[in-house]
Amino acid sequence: MEPVHAACTDAELIVTLANGQKIVTPLWWYPRLFEAAPKQRANYELSPFGVHWPEVDEDLSIEGMLVGARAPGAKQPQPA
């Protein structure tokens with residue numbers, strides 16, 4: 001389950017694994033990423049078990065994404 005690519009849209013985090021599987025989670029689950037600038041979200045490092053964003057001090061494990069773990073206190077934004 002090693003990640004080979006990560007990308008953020010305005011609403012989702014998409015992580016592609018070595019086997020081709022994609023994990024898509026709501027970006028609001030990770031408030032640091034949600035609040036980060038697109039350039040900061042694009043600056044990430046992969047490890048065999050997860051993804052790290054050094055500029056926003058965020059580390060996410062593949063296992064956590066697969067089980068639906070979100071950051072403590074993460075709240076879904078209200079529609080405008």
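A nonpolar core is a set of buried Ala, Val, Leu, Ile, Met, Phe, Trp, Tyr and Cys residues joined through side-chain atoms within 4.5 Å. Buried here stands for under 20% relative accessible area. The model discussed below is predicted.

In this model the largest nonpolar core has 18 residues. Those with the most contacts inside this core are L13, V15, Y30, L33, W53, L60 and M65. At least two core residues come from each of β2 (12-17), β5 (50-53) and α3 (62-66). The largest share, three residues, is supplied by β2. As general background, nonpolar side chains in soluble globular proteins tend to be buried together.

Leaving out residues up to four places away in sequence, Y30 touches L13, T25, E58, L60, M65, A69 and A71.

The strand β2 also belongs to a sheet. This sheet is open and has three strands in the order β1-β2-β3, with antiparallel pairing. β1 (3-8) and β3 (22-26) are its edge strands, and each pairs on one side only. On average, neighbouring strands here are turned by 15 degrees against each other, direction ignored. Between β1 and β2, which run antiparallel, there are five bridges. Across this pairing, A6 stands opposite V15 in β2, and V15 is among the residues with the most contacts inside the core.

A further open sheet has three strands in the order β4-β5-β6, and the pairing is antiparallel. Its edges are β4 (45-47) and β6 (58-61); each has a single partner strand, so one side of each is left without a neighbour in the sheet. From one strand to the next, the twist averages 20 degrees. β4 and β5 run antiparallel and are joined by three bridges. E45 stands opposite H52 in β5.

The aromatic rings remain. A pair of such rings is described by the distance of the centres and the angle of the planes. How many aromatic pairs does the structure hold? It holds two. W28 and W29 form an edge-to-face pair, at 6.5 Å centre to centre and with 85 degrees between the planes. For W29 and Y30, the ring centres are 6.4 Å apart and the planes are at 75 degrees, so this pair is edge-to-face; planes over 60 degrees apart count as such. W28 and W29 are buried, and Y30 is buried too. Ring pairs link W28, W29 and Y30 into a cluster.

How values were computed:
Residues are numbered from 1 along each chain as its sequence is written. This is a predicted model: local features need pLDDT of at least 70, side-chain atom pairs count only at pLDDT 80 or more; totals for chains, interfaces and linings use all residues. Side-chain values use heavy atoms; hydrogens and water are left out. Buried means under 20% relative accessible area, exposed over 50%, partly exposed in between (1.4 Å probe, protein chains only). Helices (H or I, at least four residues) and strands (E, at least two) are DSSP runs, numbered from the N terminus. Contact means heavy atoms within 4.5 Å. Two strands pair if DSSP finds at least two bridges between them. Axes are lines fitted to C-alpha atoms, for helices over the stretch in contact, and angles run from 0 to 180 degrees between N-to-C directions. Rings of Phe, Tyr and Trp (its six-membered ring) pair if their centres lie within 6.5 Å; planes under 30 degrees apart count as stacked, over 60 as edge-to-face and the rest as tilted.
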